[in-house]
Amino acid sequence: MTGSEQPDAAAGPLAGLRVVEVSAFVAAPLGGMTLAQLGAEVIRIDPIGGNIDANRWPIAPSGTSIYWASLNKGKRSVTLALDTPEGQDLATRLITETGEGGGIVLTNLPARGWLSYEALSAVRPDLIMMRLTGNHDGSGAVDYTVNCAGGFPMATGTGEAPVNHVLPAWDVAAGLYLALGLVTAERARRMTGHGQEMQLALSDVMLATVGNLGYIGDVQINGEVRQPIGNHLYGAFGRDFATADGRRAMLVAISNRQWRAIGKATGLSARLEMIGPLMEVDMATEGGRYTARHAIAAVLEPWFAARSLAEVRAALDGTGVLWGPYQDFGQLVAEDPRCSTANPMFAEVDQPGIGRVLTPRVPLAFSGTPALPPLPAPSMGEDGEAVLSNVLRLGKAEIAGLKGRRVLGGGAGAPEGGTPQGGEHVLSAR
């Protein structure tokens, strides 16, 4: 199935919902893709040649961005000359097209001109707009500039220097908030008939998480700042261990049952039980085991060092022990059955310009609604003619004129290249 072919989404829980996405980078495209994978029709509009994220790494040998394709699965792609009045008018018409499920736009571009809430809601009063910004005042930020301020890099590693993680955690969390916010606003519109503008700041996603995890309260109430402790688990027992074949495994015990399972599976119960009296800590509590973490690790290290990862797996699987192997991305794909078609979330999908790729659908599973299969991303701009015909009901001659004037880009199955148009497409958030 190509990106321009749409499945029968009647069974999708969001069938009948149309969202127009004007975005780039991670968070907003992820939010749109989540909605698409739940059955919504998501139309992504880009400037001709693609937006700033059109060629981000990793890149396939063909030059197609694996990154872009991975974040735009199941969407429809339209490219317009967004730096021209005619292109902006077409985008406005797609966003504000009348219909119960339309009039919804998702963006992380600046709130000005044709893409402002004021301009769009003047055309469709019940418009729903979800806009991602960097900070709550509208100023710019990206995941790395938000993460560095959130305390987590200072609490990661061993304390020699801040440690940035490669996972864009705030982008991912923001993308899911964006999807949830749009569904919530659409439900409210069904009840009241009114649309609304919503704003989500990337930095607020980080700040809410810091507060929700108790780290703000820890500072204010206890005067404590969480310190870096390497790969130990904060507040309970957990740590990585080296195996005989040069691999590493993470071992965790939060509940008493999990703690007892470690002793039983390794045959080290008696030695582990000696730690409590020696250190005068209660090993039946998470705090006690955290206090004794170095002594516990000293008992367990030789056990792991004497065994290969396969032997560790054989000894611990099925025993109630919480553990997992450390894997790079290659080992994940090659060794982990969860990252394969043995997991019903995955299927092999032919992605135009890239090849056959193991592709996930949305991780959610509904007992009463069949899961939609994972779909490829469209080639840049390939759905323009079909969308303008189906949504705006333009005729062939009108569409041909738009293409001739280079207002509409792309074509069925034809990828686009070149430089993005329009200086206004400078992002305020990822």
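Which residues line the largest cavity? The views below start there. This is a predicted model, in which local features need pLDDT of at least 70, side-chain atom pairs count only at pLDDT 80 or more, and totals for chains, interfaces and linings use all residues. Residues are numbered from 1 along each chain as its sequence is written, and side-chain values use heavy atoms, with hydrogens and water left out.

**View 1. The lining of the largest cavity.** Pro13, Gln37, Leu38, Val362, Leu364, Phe366, Thr369, Pro370, Ala371 and Leu372 form the lining. A cavity is a set of points on a 1 Å grid over the protein atoms alone where a 1.4 Å probe fits but cannot get out, and lining residues have an atom within 4 Å of a point. The space inside is about 60 Å³, a volume being the space filled by probe spheres set on the points, which are joined across faces, edges and corners. By class, 8 lining residues are nonpolar, 2 are polar and none is charged. Here Ala, Val, Leu, Ile, Met, Phe, Trp, Tyr, Cys and Pro count as nonpolar, Asp, Glu, Lys and Arg as charged, and the others, Gly among them, as polar.

**View 2. The largest nonpolar core.** This core has 30 residues, and Val19, Leu35 and Leu182 have the most contacts inside it. A nonpolar core joins buried Ala, Val, Leu, Ile, Met, Phe, Trp, Tyr and Cys residues through side-chain atoms within 4.5 Å; buried means under 20% relative accessible area, exposed over 50%, and partly exposed in between (1.4 Å probe, protein chains only). Take a look at Leu35: not counting residues up to four places away in sequence, it touches Leu14, Val19, Ala40, Val42, Ala179, Leu182 and Val183 (contact means heavy atoms within 4.5 Å).

**View 3. Phe152 meets Trp170.** The ring centres of Phe152 and Trp170 are 5.6 Å apart with planes at 50°, so this pair is tilted. Rings of Phe, Tyr and Trp (its six-membered ring) pair if their centres lie within 6.5 Å; planes under 30 degrees apart count as stacked, over 60 as edge-to-face and the rest as tilted. Phe152 is partly exposed, at 21% relative accessibility, whereas Trp170 is buried at 6%. Ring pairs also bring in Tyr215, linking it with Phe152 and Trp170 into a cluster.

**View 4. Trp303 beside Phe304.** With ring centres 5.0 Å apart and planes at 80°, Trp303 and Phe304 make an edge-to-face pair. Both residues, Trp303 and Phe304, are buried. A search of the whole structure finds 6 aromatic pairs.

Conventions:
1 Å grid on protein atoms, 1.4 Å probe; cavity = no way out; pocket = protein on both sides within 12 Å on 5 of 7 lines; lining within 4 Å.
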